Structure formats: structure tokens, C-alpha cells
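Q: I would like a close look at a single part of this model. Please keep it brisk and work from the structure shown here.

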Amino acid sequence: MQNDRSCISERYLWHEEVNKYLAGLAQSYGNKIEIFSRAISYEGREIQTVRISPDIQRKREKRLCVLIDAGIHAREWITVSVALYVIQQLVERDAINSRLLRNFDWIILPLLNPDGYEYSREHNKMWRKTRRPLGANRCVGVDCNRNFNVSWGIGTSRFCSLLYRGERPFSEQETQNLRNIFQRLRPNCRFYLSLHSYAKAILYPRAYSRTLPHNWKHQHDVAQAGADAIFRMCGLKYRCGSASSFLKISVGGSSIDYAHDIEKVPFALVMEIASKGFHPAEQNIARICEESWTGIKAMVMQLAVSPIVSFTRSKTAC
Ligand SMILES: [Zn+2]
């Protein structure tokens with residue numbers, strides 16, 4: 001199995017390779033990256049989340065942090081590649097990217113839904129959900145991004161459909177894992193970014209309602225900073241707005257609304273990565289990763305100057 005470091009932006013990695021890549025980085029760069037948490041998917045795959053920090057050993061000094069996840073929707077393969085690319089840039093090119101680590105630790109969960117991802121890679125490219133069987137009538141899987149306990153059930157879908165919300169909030173081990181990470185980060189998480197594809201947009205809460213959060217202008221500024229940076233780099237025009245206005249419907253149970261309304265994370269965005277369909281050709285992975293990274297860097301730099309992000313050191317755990 002090929003596992004050299006350059007391959008992450010040359011081809012789509014399997015779940016096992018993702019974990020090997022993270023373990024390799026943690027071994028080679030133990031002062032910059034650690035495995036922050038391990039959880040288990042419904043089918044028994046280990047879901048790893050990493051923490052990247054300029055001095056990983058100084059755990060007593062808890063810092064503000066950025067949380068990024070990818071692969072919540074199984075078929076959105078490119079999001080996993082982008083998350084791994086972000087990890088690689090922060091760890092292996094930390095001198096160039098040091099200003100991004102100055103104010104924040106980065107917590108990154110590159111493959112939230114590994115069962116769905118593997119199923120999508122092997123059996124059904126368009127698979128979106130988890131892989132937990134539901135009852136006796138061959139229905140399988142829940143849409144993780146409808147499964148959080150925030151206005152759960154609004155605008156979401158009937159049993160068995162592509163957008164099925166689950167029997168109850170947090171019915172899935174995969175969404176429980178993200179909830180546990182948020183709870184562990186309290187109250188230091190300042191920016192949550194969930195990577196999706198491929199609508200070429202950067203969206204902020206709320207998805208369940210047209211009512212905007214009180215700080216929506218600041219969130220819009222962060223989204224716009226990302227969109228502007230990508231436009232300057234390559235001419236791609238990302239749209240920015242609230243999720244419900246973009247989707248033209250209201251949907252409950254999304255991870256950004258959960259992050260913002262329940263976990264009180266001030267900035268909670270979805271980046272719908274621009275790509276040609278859910279499975280861009282592998283020769284385009286590197287380019288898409290670079291474009292996305294340009295936007296992510298700009299958003300975090302904008303965040304650092306936002307008036308509602310405080311850099312007062314907190315004593316609680318990150
Ligand atoms: Zn998605």
C-alpha cells in the first residue's frame with residue numbers, strides 16, 4: 001500500500017490509509033501534531049481526530065482553537081483530500097504557516113463518516129449517509145448533517161431517503177463523536193468549518209431558519225474573506241450567505257447550527273468546495289486542495305482580526 005506523504009493530493013486515500021498517514025505524521029512530528037481523539041464508527045472503523053499546535057507538549061496552556069471536519073457526507077471524497085492537505089500544510093510547512101498557528105490550535109477530523117466513505121468508494125459512488133441498518137426492511141443509513149439536536153426534524157426527510165434524519169438526534173456514533181469533540185473543546189472553539197462539496201459556496205447559520213444569528217455580519221466577513229482570496233488566486237467565484245437562503249429551504253439538525261446555537265461557537269461555516277461533481281478526477285485533487293487551502297487560510301486570518309474573537313487565554317481545556 002502506497003503511503004508516502006505526497007500521495008494525499010494525487011489520489012483518493014482509503015480510510016485505512018488516512019489513519020496510517022495521520023499516525024506517520026504524529027510519529028515524525030510529535031512536537032506539532034498528536035492524535036486528539038479516537039472514536040469507532042458503526043462498522044468498527046477507527047475515526048481519528050488530530051490536534052496541531054506549535055508546541056504540542058505544553059498541554060497545560062490551553063489555547064483557542066479552530067475545528068475542521070470533512071467527509072460527513074460519504075460521496076464528497078474531495079473534502080477528505082482537502083482536510084488532509086490542510087493537516088500537511090500546517091505540519092510540514094509550519095514555518096510558512098506559523099501565523100496561522102499563532103492564535104489557534106487546529107483540531108481536524110478528516111474523515112467523519114468512514115463507513116459511508118468506504119461504501120461510496122467501493123460500491124455506490126453516490127452514497128451520502130452512514131451505514132447503520134434501520135429496521136428490517138433493508139433501509140440503511142442516516143444523513144449525519146440532519147442528525148444534530150438543533151431544530152431536529154425541520155425540513156428533513158422521511159425514513160430511508162437520502163436525507164433521513166435518524167430516529168432521534170445523535171442516533172449515529174459518527175455524530176456523537178463530533179458532539180464529544182465539541183464538548184471537549186468548550187469553551188475555546190472559535191471557528192468550526194465543515195467541508196462539503198461541490199456547490200462553490202461558503203455558508204453560515206442558520207440552516208433551520210431564515211433568522212440570522214446576531215453576529216451574522218462578522219460571519220459573513222469571514223466567509224467573504226475566503227471567497228475573495230480564492231477569486232484573487234484563480235478567478236473562481238464562491239457565493240457567501242446563510243445556509244437557508246442558499247438552499248432556499250430550512251433544514252434542521254445541521255452541524256453548523258449545532259455548533260453555533262448549542263455549542264456557542266461564534267463562527268460556524270460550511271465550505272462547499274468547488275469541483276466538477278462529487279468525484280473530481282484525481283489529477284485535479286492537488287489544484288482543488290490548493291484553492292481550498294487559500295480560502296481557509298484567508299478565513300482564519302480574518303477571524304484573527306474579528307472583534308468578537310478574544311485572545312485572552314482561557315483556563316479550560318481545548
Ligand atoms: Zn455535503
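Which element gives the most to the lining of the largest cavity?

A: This is a predicted model. Helix H1 gives the most to the lining of the largest cavity, with 4 residues. H1 spans residues 15-28. Strand E2, residues 46-52, also supplies at least two lining residues.

Now the lining itself. The residues around the largest cavity are His15, Val18, Asn19, Leu22, Glu46, Ile47, Gln48, Pro110 and Leu111. By class, 5 of the lining residues are nonpolar, 3 are polar and 1 is charged. The space inside comes to about 30 Å³. The structure holds 1 cavity of 30 Å³ or more.

The zinc site is a separate topic. Protein donors to the zinc ion come from His73 (ND1), Glu76 (OE), Glu76 (OE) and His196 (ND1). These donors lie 2.1 to 2.5 Å from the zinc ion. The angles among the 4 donor atoms run from 56 to 147 degrees, and the site is irregular. For a tetrahedral label, all angles would have to lie between 85 and 135 degrees.

Along the sequence, the donor residues follow the spacing H-x2-E-x119-H. His73 sits in the loop between strand E3 (65-69) and helix H2 (77-92), while His196 belongs to strand E7 (residues 189-198), so the pair ties together parts 123 residues apart in sequence. His73 and His196 are both buried.

Conventions
Residues are numbered from 1 along each chain as its sequence is written. This is a predicted model: local features need pLDDT of at least 70, side-chain atom pairs count only at pLDDT 80 or more; totals for chains, interfaces and linings use all residues. Side-chain values use heavy atoms; hydrogens and water are left out. Donors are N, O and S atoms within 2.8 Å of the metal (3.2 Å for Na, K and Ca); water is not among the atoms, so sites may look incomplete. Four donors count as tetrahedral if all angles lie between 85 and 135 degrees; four count as square planar and six as octahedral if opposite donors are over 155 degrees apart and all others between 65 and 115; anything else is irregular. Buried means under 20% relative accessible area, exposed over 50%, partly exposed in between (1.4 Å probe, protein chains only). On a 1 Å grid over the protein atoms alone, a cavity is a set of points where a 1.4 Å probe fits but cannot get out, and a pocket is an open set with protein on both sides within 12 Å along at least five of seven lines; lining residues have an atom within 4 Å of a point. Grid points are joined across faces, edges and corners, and a volume is the space filled by probe spheres set on the points. Ala, Val, Leu, Ile, Met, Phe, Trp, Tyr, Cys and Pro count as nonpolar, Asp, Glu, Lys and Arg as charged, and the others, Gly among them, as polar.
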